[in-house]
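Please look through the structure below before reading on. The paragraphs after it go from the whole chain to single residues.

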Amino acid sequence: MASSTVEDYIKHIYLVAEESGNEEVPMGRVAEALGVVPGTATTMVKALSDAGLVNYAPRVGVCLTSPGRKLALHVLRRHRLIEQFLVEVLDFDWSEVHEEAEQLEHVVSDLLLERIDQYLGHPTEDPHGDPIPSAEGEVLVDHFDTLINCPLDTEVAVARISDQDADFLQYISKAGLNPGASLRVVNRVLSAESVEVEIGEAGTRLTLGMGAAGKVLVR
Ligand SMILES: [Zn+2]
């Protein structure tokens, strides 16, 4: 089994590539995602390259090889199934499970993971709405609108929240914007960088800044 550091690097390279829509990830972004100085990231990435998990080109960046991608999806499967288990079975709030999963994703055995998967009925999404890769390493990649570019005055449902910060997720959760919640964008004021939404049947009004609105993905 790969060390937790190796798994963290591979996972973050995958997530940055997915977010930017570009397979090649600049080393600055790798260091930033892992919270390390660039020199540390480069040393580690060279070791990952020797292990055949990434292709590294100095001054260009790093991209996952096919074994690297497979490992990334396996780590994400562990992470997201654990989050789903904590919410569904242990009554955690969905805004607080990320940090727990960050630890557990490196230690859960394949046997335990498959039992969790079975127990949960093979879920395809985690509590944040992120897709759970299959045991074979396949993953659904959907493209969603955000509250910034979805149609006005049209009912949409929260698909996923593209931020794992616990404070932000708690704010979103308290506001009632949980994955699955329905809402309408009633007003966008570009000059004030704000988006006004009406949530649920009660039509609770909430005004979000553009930064937050861009992190709420809808379908
Ligand atoms: Zn998470």
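**From the whole chain to single residues**

The protein has eight helices and eight strands. Helices (H or I, at least four residues) and strands (E, at least two) are DSSP runs, numbered from the N terminus. This is a predicted model, in which local features need pLDDT of at least 70, side-chain atom pairs count only at pLDDT 80 or more, and totals for chains, interfaces and linings use all residues. Residues are numbered from 1 along each chain as its sequence is written, and side-chain values use heavy atoms, with hydrogens and water left out.

Begin with the overall dimensions. The C-alpha trace spans about 55 × 45 × 25 Å along the principal axes of the protein.

Next come the surface and the interior. Of the 219 residues of the protein, 45% count as buried. Buried means under 20% relative accessible area, exposed means over 50%, and partly exposed lies in between (1.4 Å probe, protein chains only). The accessible surface of the protein comes to about 11300 Å², and 51% of this belongs to carbon and sulfur atoms. Such areas come from the Shrake-Rupley method with a 1.4 Å probe, and for residues only the protein chains shown count as cover.

Contacts show how parts of the chain meet. Contact means heavy atoms within 4.5 Å. Among the contacts in the protein with a separation of 6 or more, 62% are between residues 24 or more positions apart.

The protein has 17 positive and 36 negative side chains, and the centres of the two sets lie 4 Å apart. Here Lys and Arg count as positive and Asp and Glu as negative, while His and the chain ends are not counted. The place of a charge is taken as NZ of Lys, CZ of Arg, CG of Asp or CD of Glu.

Which residues coordinate the zinc ion? They are H79 (NE2), E83 (OE) and H98 (ND1), at 1.9 to 2.1 Å. Donors are N, O and S atoms within 2.8 Å of the metal (3.2 Å for Na, K and Ca), and water is not among the atoms, so sites may look incomplete. In sequence, the donor residues of the zinc ion follow the spacing H-x3-E-x14-H. H79 and E83 are separated by about one helical turn because they are four residues apart in helix α4. H79 has a relative accessible area of 4%, so H79 is buried. E83 is also buried, at 0% relative accessibility.

Helix α4 (residues 66-88) also holds P67. At 46% relative accessibility, P67 counts as partly exposed. Apart from its neighbours within four places in sequence, P67 is in contact with G52 and L53.

Another helix, α1 (residues 4-20), contains H12. With a relative accessible area of 19%, H12 is buried. H12 is in contact with A33 and L34, leaving aside its neighbours within four places in sequence.

Now turn to the loops. R59 is found in the loop between β1 (54-57) and β2 (61-64). Although R59 is not a glycine, it has a positive phi of about 70 degrees. R59 is exposed, with a relative accessible area of 84%. D91, in the loop between α4 and α5 (97-104), has a positive phi of about 60 degrees and is not a glycine. The relative accessible area of D91 is 67%, so D91 is exposed. A192 lies in the loop between β5 (182-189) and β6 (194-199). This residue, A192, is exposed at a relative accessible area of 51%. A192 and G209 are 17 residues apart in sequence, and their C-alpha atoms are 8.5 Å apart in space.

The last stop is L217, in strand β8 (residues 216-218). Is L217 buried or exposed? Its relative accessible area is 12%, so L217 is buried. Not counting residues up to four places away in sequence, L217 touches F144, D145, T146, A157, V158, A159, R160 and S162. L217 and Y14 are 203 residues apart in sequence and 19 Å apart in space, C-alpha to C-alpha. Between L217 and P67, which are 150 residues apart along the chain, the C-alpha separation is 30 Å.
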